[in-house]
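Have the coordinates open as you read.

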Amino acid sequence: MSKQTLSFQAEVAQLLHLVTHSLYSNPEIFARELISNASDACDKLRFEALHRPELYEDAPSLEVRVSFDTGAKTITITDNGIGMSEQEAIDHLGTIAKSGTKDFVGKLTGDQKQDAQLIGQFGVGFYSGFIVADKITVESRRAGAAASEGVRWVSGGTGDFEVEAIERAARGTSVTLHLRSDAEEYLNAWKLKSIISKYSDHISLPILMEKEEWKDGELITPGDENGGRQPGGMVKTGEWEPVNKASALWTRAKKDVTEEQYQAFYKAISHDHENPLTWAHNRVEGNTEYTQLLYIPAKAPFDLWNRDKKTGVKLYVKRVFIMDDAEALLPGYLRFVKGVIDSADLPLNVSRELLQESRDVKAIREGSTKRVLSMLEDLAKHDKHDAPAAAAEGADAVTDVVDADDKAKEGKYSQFYAAFGAVLKEGLGEDFGNRERLAKLLRFASTSSDSASVSFADYKARMKEGQDAIYYITADTLAAAKNSPQLEVFKKKGIEVLLMTDRVDEWALNYLQEFDDTPLQSVAKGAVDLGKLQDETEKKAAEEAAEAFKPLLERLKEVLKDKAQDVRITTRLVDSPACLVVQDDGMSTQLARMLKQAGQPAPESKPVLEVNPEHPLVKKLESSAHFDDLAHIVFDQALLAEGGLPDDPAAYVRRVNALLV
Ligand code: ADP
Ligand code: MG
């Protein structure tokens, strides 16, 4: 077939535009991305060759070569990995296959600054070559295919690319970057070596560069080897030498890995441009042997809530890469964790299905979950957000005894929690075995703290004398929660209430009935029973009111029989005339509303209307000539106050207007 010109998929064109216009502040990432592709290609070959050793052809040792040509102003990265057929080159380099990536591109705003930020959290992969190149030539041949089935792919990184069939003896891929004039600094062995080793030291296959030597050089300035030699300059010797350590980072001893190397490795596997919050690197021995290197990122990825978002853990078996996103290795609620698990026990040909059933995988999953929870507990322990004021006075003395490591962890838990707290809560329903540990890691806003920083333990420590439950309220927003009428009596009595505004809260709390032997009680469920927190006169007044209001309640029940399951007197209100509550075992009106919005079936349960006998409107109700209208208004307003909408808003408006007139 002759040469054909094809257009990039629209999303790719958009991505390319962005890459070239907003990523030049960090041009070096091209090396990371292209070397990581070369390394992936070698991993894929190694994996396929488990069944088809003939794929190795006559070159069984996998490697990557990086070379440059100062005359032509090109850099070439060559691997002898799996390679691509012509169709694969068209598909893989011209379209975006992954749905997450497509969604991501869809989210871009067109605002360069903002998009550049977004894109930094996301691997632009192959296209990052266009940060430094105005033309890229890819030549490739798939392992096992004939030499005549090679492909050449060329593009200037704008609207289209060309492909043509070529003859290519060597299997694998070479990517040639034709550098832009402002990127010529990379045509330098020192510079290239330093960025390659920065981004690829952890890669387990050798990355080779051609050795250079001084030609006819004279040392003009003694002691200054790099700058001092003159004419002739450096010439290539034809000998290739490795520029990276070529030992997988996680297989090295902890003491041989620097903090910077751990961070660089994280960035390489996660495509995150920020450092992780923390990590744990361990070799686990015993019945199941494996190495784990697990990272907690600092920021949520753009696709955290994507339904089919996988965990970010790569599985290796005895250093051979097996698969990305091995979801069997960590529970879904820890899907934000990135890292590597290298098992010594699993068979090399393990499949996803097999992973689900393996006893070893179960042990790895349990061990890794525990490890992540301990990392989080450690961060939480060092988070100083809630240091009591008294400690601040002696701050100097305290700082002296905190070692540097501890200091570095300060504030990190709040950062973690802001990004991933809502995901962590899913664990209450997903991981019964670790429920108590998880509950300790949860943080909430409360009537005494706007930020999500109150733990159940903090709350318990502040409970009032005689208080026997942890009170909470769920709502769509913090403002709705804080201003909810249901909180009135709690505010009056100075009882703290946790404010829960994450979508998962209500669902997650179904799985947590108590914390440390203290029951959790929604202030919007069941009759309010403040127990010992109420004094005798209050109790007596409530009983008398209930008696006195009996006839009124009967009338209200009759008028509102289609809307309310029951109508009763309450002591939970101070300033509001009425509020809605659900029966103890019922689903909150907020959750029911959410389910309906999401198009899911929600049980049609009617709420209970509670009225405040002290409120003038309620007192007036009895003798009103507009009893029915007022009754409906009181009900609908209670619904409005908690962020709901009357079933028939027009009728509500009509009734209010009639009274206003
Ligand atoms: P990713 O690596 O995240 O899949 P990239 O944009 O880096 O995304 O690469 C896109 C695809 O192009 C890869 O998934 C792979 O199929 C193909 N590809 C890129 N570089 C190579 C290479 N050196 N050898 C074989 N295939 C490659
Ligand atoms: Mg890639």
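What follows takes these topics in turn, with the cut-offs given as they come up.

This is a predicted model, where local features need pLDDT of at least 70, side-chain atom pairs count only at pLDDT 80 or more, and totals for chains, interfaces and linings use all residues. Residues are numbered from 1 along each chain as its sequence is written, chains are lettered from A and ligands numbered from 1 in the order in which they are written, and side-chain values use heavy atoms, leaving out hydrogens and water.

Start with the aromatic rings. The structure contains 23 aromatic pairs. A pair needs ring centres within 6.5 Å, taking Phe, Tyr and the six-membered ring of Trp; planes under 30 degrees apart are stacked, over 60 edge-to-face, and the rest tilted. Phe30 and Tyr186 pair edge-to-face, with 5.4 Å centre to centre and 80° between the planes. They link distant parts of the chain, 156 residues apart. Phe30 sits in helix 2 (residues 29–48), and Tyr186 in the loop between strand 7 (172–179) and helix 7 (189–200). Helices (H or I, at least four residues) and strands (E, at least two) are DSSP runs, numbered from the N terminus.

Buried means under 20% relative accessible area, exposed over 50%, and partly exposed in between, with a 1.4 Å probe and protein chains only.

Next, Phe336 and Phe420: their ring centres are 4.6 Å apart and their planes at 25°, so this pair is stacked. Phe336 is in the loop between strand 13 (320–323) and strand 14 (338–343), while Phe420 is in helix 15 (residues 412–430). Both are buried. Ring pairs also join Trp250, Tyr262, Phe265, Tyr266, Trp279, Tyr295 and Tyr316 into a cluster.

Now turn to Met375, in helix 11 (residues 359–382). Met375 has a relative accessible area of 8%, so this residue is buried. Beyond neighbours within four places in sequence, Met375 contacts Thr278, Trp279, Ala280, Leu294 and Ile296. Contact means heavy atoms within 4.5 Å. Met375 and Ala280 are 95 residues apart in sequence, yet 7.3 Å apart C-alpha to C-alpha.

Finish with two helices. The axes of helix 25 (residues 627–641) and helix 26 (residues 649–660) come within 10 Å and cross at roughly 125°.

Note on methods
Axes are lines fitted to C-alpha atoms, for helices over the stretch in contact, and angles run from 0 to 180 degrees between N-to-C directions.
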